[in-house]
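User: I have a structure open and would like to work through it step by step. Can you take my questions one at a time?

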Amino acid sequence: MGLYRNVILPSLCDFVMRNRFLLPYRERIIGSAEGTVLEIGAGSGLNLPLYDAGVREVLALEPDPKLMTMARRNAKQARRPVTFLDASAEAIPLEDRSVDTVVTTWTLCTIPEAMRALEEMRRVLKPAGHLLFVEHGLAPEASVCKWQNRLTPAWKCISGGCHLNRPIRQMIESGGFSIDQIDTGYAPGPRPMSFLYEGSARPNR
């Protein structure tokens, strides 16, 4: 689960991102990125080597210094130029309409003010730009939702603020985006933690 501000369990971020079952999700999302890319919550930088042909440069935003140090090491394997932004997604230090693609991978679950962050993502995207995302969140089945709501208060305390029950599609649309494509379903693992949303959205203007 995206550990955007993870001081407690940085190893959990690596565990999730390195999970071989989730690699195809990451490859699809990163493979659709183009131009100047802003990656929100770059974590330890495991996505950085995946950016290739259509990407001009990657702006890797990560507020946690321990993860930033790890990301700088992984950036040595990157095939595109990487610039690190030591900042929060709620206050992105970029000009309006300055990036072509925003990428989030297991990140929206953890950002404290996620709606403010989505508004910032919309602000920095060019009118023809896209938000590419793969996130885990609220499941459609009532029985699973019950457990997500029950577990989240304790889970977020031990996992860097990760919420199991955020309604990702609703959040993205409320943040000023129109969904172009979205696929949902369970990845291997415990159902309260593995309902995924994968897709793309464009900014409303």
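**Domain, core and helices**

Analyst: UniProt, in an unreviewed entry, places the feature "domain: Methyltransferase type" at residues 38-133. The model is a predicted one.

User: How far apart are the end C-alpha atoms of residues 38-133?
Analyst: Over residues 38-133 the chain is 22% helix and 31% strand. The C-alpha atoms at the ends of residues 38-133 are separated by 12 Å.

User: Which residues touch the most other members of the largest nonpolar core?
Analyst: The largest nonpolar core has 31 residues. Those touching the most other members are L38, V102, M121, L131 and I172.

User: Which elements give two or more residues to this core, and which gives the most?
Analyst: Among the strands, β1 (35-40), β2 (55-61), β4 (99-105), β5 (125-136), β6 (177-186) and β7 (195-203) give two or more residues to this core. With 5 residues, the element that gives the most is α4.

User: What is L131 in contact with, leaving aside its neighbours within four places in sequence?
Analyst: L131 touches the most other members of the largest core, along with L38, V102, M121 and I172. Its contacts beyond four places in sequence are V102, T104, L118, M121, L125, I172, F177, G199, S200 and A201.

User: How many residues are in the other core that lies apart from it?
Analyst: Among the members of this other core are I29, V58, A75 and F84. Its count of residues is 23.

User: Which arc do the buried residues of α2 fall within?
Analyst: Helix α2 covers residues 23-31, and its buried residues are Y25, R26, I29 and I30. An α-helix has 3.6 residues a turn, so residues three or four places apart point the same way. The buried residues of α2 line one face of the helix, because seen down the axis they fall within an arc of 120°.

User: What about α3: which residues are buried, and what arc do they cover?
Analyst: In α3 (residues 65-74), L67, M68, A71 and N74 are buried. They sit on the same side of α3, because around the axis they cover an arc of only 115°.

User: Which residues are exposed on the other side of α3?
Analyst: The start of α3 has a side-chain oxygen of D64 within 3.2 Å of the backbone nitrogen of K66. K66 is one of the exposed residues on the other side.

**Single residues**

User: Is N74 buried or exposed?
Analyst: N74 lies in helix α3. Its relative accessible area is 15%. Buried means under 20%. Therefore N74 is buried.

User: How far does the backbone oxygen of S44 lie from a polar atom of the N74 side chain?
Analyst: Beyond four places in sequence, N74 is in contact with S44, G45, L46 and P49. The backbone oxygen of S44 and a polar atom of the side chain of N74 are separated by 2.5 Å.

User: What separates the C-alpha atoms of G161 and C109?
Analyst: G161 is in the loop between α5 (142-158) and α6. G161 is in contact with C109, T110 and K156, leaving aside neighbours within four places in sequence. Along the chain G161 and C109 are 52 residues apart, yet their C-alpha atoms are separated by 7.8 Å.

User: Which side chain does that of T105 make a polar contact with?
Analyst: T105 lies in strand β4. At 3% relative accessibility, T105 is buried. The contact is 3.0 Å, and the partner is the side chain of N47.

User: What is the phi of W106 near?
Analyst: W106 is in the loop between β4 and α4. W106 is buried, at 2% relative accessibility. Its phi is positive although it is a residue other than glycine, with a value near 55°.

Note on methods. Residues numbered from 1 in each chain as written. Predicted model: local features only at pLDDT ≥ 70, side-chain atom pairs only at ≥ 80, totals over all residues. Heavy atoms only, no water. UniProt positions renumbered as here; feature names shortened; annotations may be inferred. Helix = DSSP H or I, 4+ residues; strand = E, 2+ residues; numbered from the N terminus. Core = buried A, V, L, I, M, F, W, Y, C linked by side-chain atoms within 4.5 Å. Buried < 20%, exposed > 50% of the residue type's maximum accessible area, 1.4 Å probe, protein only. Contact = heavy atoms within 4.5 Å. Arc of directions from axis to C-beta. Polar contact = N/O pair within 3.5 Å; in protein donor to acceptor, adjacent residues only side chain to side chain.
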